[in-house]
2 protein chains.
Amino acid sequence: MPRVYLAGPDVFREDWRAVSDAKKALCRSYGFDGVFPLDGAIKKQRSKRQFGYAISRANEKLMQSCDLIIANMTPFRGPSMDVGTAFEMGFMRALGKPVLGYSNVKGNLVSRTVAHLGKKAVRRKGAKGVLEDNFGMAIEDFGLADNLMLDGAVHGSGAKVITASSERTRFSDLRGFEQCLKQAKALFGQKSRRRRM
Amino acid sequence: MPRVYLAGPDVFREDWRAVSDAKKALCRSYGFDGVFPLDGAIKKQRSKRQFGYAISRANEKLMQSCDLIIANMTPFRGPSMDVGTAFEMGFMRALGKPVLGYSNVKGNLVSRTVAHLGKKAVRRKGAKGVLEDNFGMAIEDFGLADNLMLDGAVHGSGAKVITASSERTRFSDLRGFEQCLKQAKALFGQKSRRRRM
């Protein structure tokens, strides 16, 4: 069974084990083997920094052992997704493995960023239609769910970023995750058909 | 000369060309060839989404042509760095290329997140010392500059994340960038010495 790396800020939930179990059960029902970042024990380390590095090494190894990634791209403490998960999407993309993702908050990056910045979002002088923040940094506007490198990786994998609003359950709703599994099944079905020919 | 991918939200500045030129000049003075994400033209596309995807493809190709990455990890519209840059750190890490980074805002992730959340940061009940946000998501606390996957990639590359406060010039100060070049020179010097033996 292809192994799916289950990336996302889910690891920060108190009930991460329940989320991990639920995601893994869904994976099995679609013919995949789910791998959660907190699977596998980390040895005791001499400092909390070293412990952090050890988790990073363990997650990199887990990703190398997986065949694809399904990332929880739900906005996390700002207009964009969790940076650790973004790192992991890049990691899997570079390995040539399919990158899929879902977000439980609808809308695109530009609308969320404008909502986040409020009055700090202003029009850039002399540049038609370009919005910028209070640091003079343009607000990326390609009609995508998040930064173009993230949406681009999913698109380049032959999939679509799934977005659906579940504001009240933004970090627990698994409907978007299941849509990703359906896409993954179609992708891997194509692959195995091709292999047989 | 080793090619350095110059990752960061620098691309969102109106004067990105000046930043690109300044970074490239510094690169040359340390024996590196700087490659900016906006180098190279993108063909006209039929929609802005397609244009975003084309930039993503071009950047992935540029990264594959580079030998290392120096990432601007300065916090971007929240307590963490820009997600596009985080993706690129993961991409280069998976290719086994050195990942270096600097941030122009001092302090670690936990202190910045607590400052960002204000009263929304609370102690998790029954879990000694764990802080969480208003969604019940733990605030990662490993004493690192940002998420452990990011700091872990730099540490795993044999380097240190450079942090220095330049609040007023948080997106233009290049002293942290230059410190990264010094580290890169030391890393690549070791490599070429090893190769000669």
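I began with a pair inside chain B: the side chains of Arg3(B) and Asp33(B) meet in a salt bridge, at 3.9 Å from N to O. I keep in mind that this is a predicted model. Next I looked up where the two partners sit. Arg3(B) is in strand S1 (residues 3–7) of chain B and Asp33(B) in strand S2 (residues 33–35), so the bridge links parts of the chain that are 30 residues apart. Arg3(B) counts as partly exposed, at 26% relative accessibility, and Asp33(B) is partly exposed too, with a relative accessible area of 30%.

**Entry on salt bridges between the chains**

How many salt bridges are there over all chains? I find 20. Between chain A and chain B the count is eight.

One is Arg93(B) with Glu60(A), whose side chains meet at 2.8 Å, N to O. This pair runs from helix H3 of chain B, which holds Arg93(B), to helix H2 of chain A, which holds Glu60(A). Is Glu60(A) buried or exposed? Glu60(A) has 8% relative accessibility and therefore counts as buried.

The other is Arg77(A) with Asp133(B), a salt bridge of 2.9 Å, N to O. Arg77(A) lies in the loop between strand S3 (68–72) and helix H3 (83–94) of chain A, while Asp133(B) lies in the loop between strand S6 (131–132) and helix H5 (148–156) of chain B, so this pair joins two chains. Both partners, Arg77(A) and Asp133(B), are buried.

I also noted a network: salt bridges with shared partners join Glu14(A), Arg124(B) and Glu132(B).

I stayed with Arg77(A) to check its backbone. Its phi is positive, about 55 degrees, although Arg77(A) is not a glycine. With a relative accessibility of 15%, Arg77(A) counts as buried.

Then I turned to Arg77(B). There, too, I read a positive phi of about 55 degrees on a residue that is not a glycine. Arg77(B) is found in the loop between strand S3 (68–72) and H3 of chain B, and it is buried, with a relative accessible area of 16%.

**Entry on the interface as a whole**

How much area do chain A and chain B bury between them? I get about 5,100 Å², 66% of it on carbon and sulfur atoms. On the chain A side, Arg77(A), Phe87(A) and Met149(A) lose the most area to chain B, and together they make up 17% of what that side buries. The contact takes 62 residues from chain A and 62 residues from chain B.

**Entry on helix H5 of chain A**

Which residues of H5(A) are buried? They are Leu148(A), Met149(A), Leu150(A), Asp151(A), Gly152(A), Ala153(A) and Val154(A). That is seven of the nine residues of the helix, so H5(A) is largely enclosed by the rest of the structure. I looked for what covers these buried residues, and the cover includes H3 and strand S4 (99–103) of chain A along with helix H2 (48–64) and H3 of chain B.

I then followed the packing across to chain B. H5 (residues 148–156) of chain A packs against H3 (residues 83–94) of chain B at an angle of about 55 degrees, and their axes are 7 Å apart. The two helices are therefore oblique to each other. On the H5(A) side the contact is made by Met149(A), Leu150(A) and Ala153(A), and on the H3(B) side by Val83(B), Gly84(B), Phe87(B) and Glu88(B). Sorted by class, this contact has five nonpolar residues, one polar and one charged.

**Entry on two buried residues of chain A**

Ser56(A) was next, and I found it in helix H2 (residues 48–64) of chain A. It is buried, with a relative accessible area of 1%. What does Ser56(A) contact, leaving aside its neighbours within four places in sequence? Its contacts are Leu148(B), Met149(B), Gly152(B) and Ala153(B).

My last stop was Cys66(A), in the loop between H2 and S3 of chain A. At 1% relative accessibility, Cys66(A) counts as buried. With neighbours within four places in sequence left aside, Cys66(A) is in contact with Arg3(A), Val4(A), Tyr5(A), Val35(A), Met92(A) and Lys97(A).

Note on methods. Residues are numbered from 1 along each chain as its sequence is written. Chains are lettered from A and ligands numbered from 1 in the order in which they are written. This is a predicted model: local features need pLDDT of at least 70, side-chain atom pairs count only at pLDDT 80 or more; totals for chains, interfaces and linings use all residues. Side-chain values use heavy atoms; hydrogens and water are left out. Axes are lines fitted to C-alpha atoms, for helices over the stretch in contact, and angles run from 0 to 180 degrees between N-to-C directions. Helices (H or I, at least four residues) and strands (E, at least two) are DSSP runs, numbered from the N terminus. Angles under 35 degrees count as roughly parallel, over 145 as roughly antiparallel, 65 to 115 as roughly perpendicular and the rest as oblique. Contact means heavy atoms within 4.5 Å. Ala, Val, Leu, Ile, Met, Phe, Trp, Tyr, Cys and Pro count as nonpolar, Asp, Glu, Lys and Arg as charged, and the others, Gly among them, as polar. Buried means under 20% relative accessible area, exposed over 50%, partly exposed in between (1.4 Å probe, protein chains only). Buried area is the accessible area (1.4 Å probe) that two parts lose on being put together, summed over both. A salt bridge is a side-chain nitrogen of Lys or Arg within 4 Å of a carboxyl oxygen of Asp or Glu.
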